[in-house]
Amino acid sequence: MKKATALTLSVGALLSFNAAVLTRNRWMNLIVAATFMVALAACSPASDSSPTDSLEAASEDIARSGARENNHWRVETPTIDAHSFANSNQVSTPNLHLNLRVDFDANVLSGYVEFDLEYHDENADTLVLDTEMLSIARAEAYTSGEWSNTEYELGNRDPILGTPLVIRLPDGAEKVRVHYASSPEATGLDWVAPQGTAGGVYPFLYSQSQPHYARTWIPIQDTPLQRFTFTGELTTPPELLGLMGANNPPNPERTGVYRFESRQKIPSYLMAIAVGDLDFHALNERMAIYAEPSVLASAVNEFAYTTDMMAVTEELFGPFAWDRYDQLVLPPSFPFGGMENPQLAFLTPTVIAGDQSLVSLIAHELAHSWSGNLVTNATWRDLWLNEGFTSYVENRIMEAVFGEERALMERMLDAQSLDAAIPQLSERQQVLHIELAQRDPDTSFTAIPYTKAQQFLFFLEDRFGRETFDAFVRQYFADFAFRSITTEQFQEYLERQLIQPNPGLVSREEIMQWLYAPGLPDTAPRPQVDVFEQVLADQQRWFAGEAIDMSGWSIHERLYFLTNLPSDVSQAQLARLDEEFNLTSTGNNSVLSTWLVIAIQHQYEPAMPRVEQMLMSMGRLAYIRSVYAALAATPEGLATAREIYARAKPSYHVLTRDQIEDVLGF
């Protein structure tokens, strides 16, 4: 347990704090892990290792959340964003410039960030930025054509919000510059040692800024309320390639100095940096893949459909609004499946299955170019506006590219996973427009803003018809492009643009129930797929000793078979399953993690060496946490899990370490 301090910030003066002390867990248990483990134990059709590739993207973000509540006194913040000290209502920063040096020996970024200032209060005399674990060297203000040092003060640290940096603004200040260095322990940065990369020769650096970790590597107004353009300059070891979530020049040369520009306004959580031994492959004139040399060819083969996905998304929901859409394959320590950084989507190598069975994650990250990156949740209370729309668009992409049956299977499996998750959540956590106060915003990343919100949008599609609803969604993206909005704004827009022009189809009471009530409304759509009924019939035949032909089964059918196994499956049956399904040696990590949990629970020894190999070779939370949890269910397994973790820990991201240590009782 860590101490938490509640702070009251006065922006007009430098700082005035009143503190109250309480305790909370720094990181919560995974909702998805707890839910799926319960479901597996009960032999229900849900699994922590993501029983559908449609839930791949959601499960990575759900991996940040937990079943237990955490409490935190509400800190007074200047805006409606309860997770930022920034006084952006008085002074905002419409453009920033980064100049950073990447030091792999010290594992720090050092340099400066420079902000243009836009005043909304003529009496404002301070700029308040969010920071966490940053070493501030000095602050400067640009006034009357000259830079000069200006006063600054760091406030008391809050364990969720970090430390406010309050900078004195001289009269007429046009810009502010902050010289600083990050900490080697910065949550938003992962410094990967050479042995943790595919090549094993060079180190790798990547960022993870969502939801509130940009402040761990940039002093910044770290709130999705505010958007800005930016330019950047990185100095790196000359043998490595530097990239940012910006308009990266195609096939850049390795020079050790890299310059970037993002002409489209983004929120802070989409700031991204990556440095490593990377090669480049163009998919077309505006899309490319970056990966380590030994990974690039397999990534290109796996992600070839991205160009088709882009084409259908533009046809459905409007033009792509960014300069480029590049994809970067990260080292296996990346805790999530993907991160939708504009113009440079981050992807885990664990999605490379060799058969494109997990590429709905690719569709999910691409969909964020419209929902989330283009139209953004104003606060983390409104997360469902990002992830619900993205999950809806993702499924529409999958239907257009891979067919209706696959899209319906993914929806059905998502719905079953949501059914299993809801009982593990408090009523507060079951609400789309969640009340967070100052709770860690990571706790909002559950199945609710993903799948419940997706079902809400399919409910609207069913009621109004696809043609009408598509037109609404397309116009929604156009009308709110490059803006951050609240649930209340969306609700008003929905009423004006869809409900009033089409009276009698949806009531206000139904909308209120979806947005503000816990659980699932009775009107929630329940997709059904006949092929799953055939899987269950085949499963009965298989347990009766008959041979069944699985050669044409999709990944969804295989996972449905596995997650519906009876509780009394025998060792002989497990061995037969292993042989016929090629489970222990599978290259599909979604299947593997599901299978290893089953093997651990049933003490199937032939799979145990693969358990250690998996836990030592990747840090993707949605896959490894369920395996650790299964091991930790017995005293002997817990001892094994702790021994493996001690060796694997140096290769895990800090977010992964926090979650696994919670599972293992550290």
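Glu-140 is found in strand β8, which spans residues 135-143, where strands are DSSP runs of E with at least two residues, numbered from the N terminus. The structure is a predicted model, in which local features need pLDDT of at least 70 and side-chain atom pairs count only at pLDDT 80 or more, whereas totals for chains, interfaces and linings use all residues. Residues are numbered from 1 along each chain as its sequence is written, and side-chain values use heavy atoms, with hydrogens and water left out.

Glu-140 counts as buried because its relative accessibility is 9%, the term buried meaning under 20% relative accessible area with a 1.4 Å probe and protein chains only. The side chain of Glu-140 makes a polar contact of 2.7 Å with the side chain of His-179; a polar contact is a pair of N or O atoms within 3.5 Å, of which, within protein, one must be able to donate a hydrogen and the other to accept it, and residues adjacent in sequence count only if both atoms are side-chain atoms. When residues up to four places away in sequence are not counted, the residues that Glu-140 touches include Trp-147, Lys-175 and Arg-177, contact being defined as heavy atoms within 4.5 Å.

Strand β4 (residues 95-103) runs parallel to strand β15 (residues 228-235), to which 7 bridges join it, two strands being taken as paired if DSSP finds at least two bridges between them. Within this pairing, Leu-96 stands opposite Phe-230 in β15. Strand β4 also pairs with strand β5 (residues 108-116), in the antiparallel sense and over 8 bridges, with Leu-109 in β5 as the bridge partner of Val-102. A hairpin is formed by β4 and β5, with 4 residues between them, and Asn-107 in the turn has a positive phi of about 55°.

Leu-240 is placed in the loop between β15 and β16 (241-244), and Leu-240 counts as buried because its relative accessibility is 0%. Although Leu-240 and Arg-254 are 14 residues apart in sequence, their C-alpha atoms are 6.3 Å apart in space. Arg-254 is among the contacts of Leu-240 beyond four places in sequence, as are Phe-104, Tyr-202 and Tyr-258.

Asp-326 lies in strand β21 (residues 325-329) and, at 0% relative accessibility, likewise counts as buried. The side chains of Asp-326 and Arg-324 are joined by a polar contact of 3.0 Å. Leaving aside neighbours within four places in sequence, Asp-326 is in contact with residues including Asn-248, Arg-286, Tyr-290 and Gln-343.

Definitions and conventions:
Buried means under 20% relative accessible area, exposed over 50%, partly exposed in between (1.4 Å probe, protein chains only).
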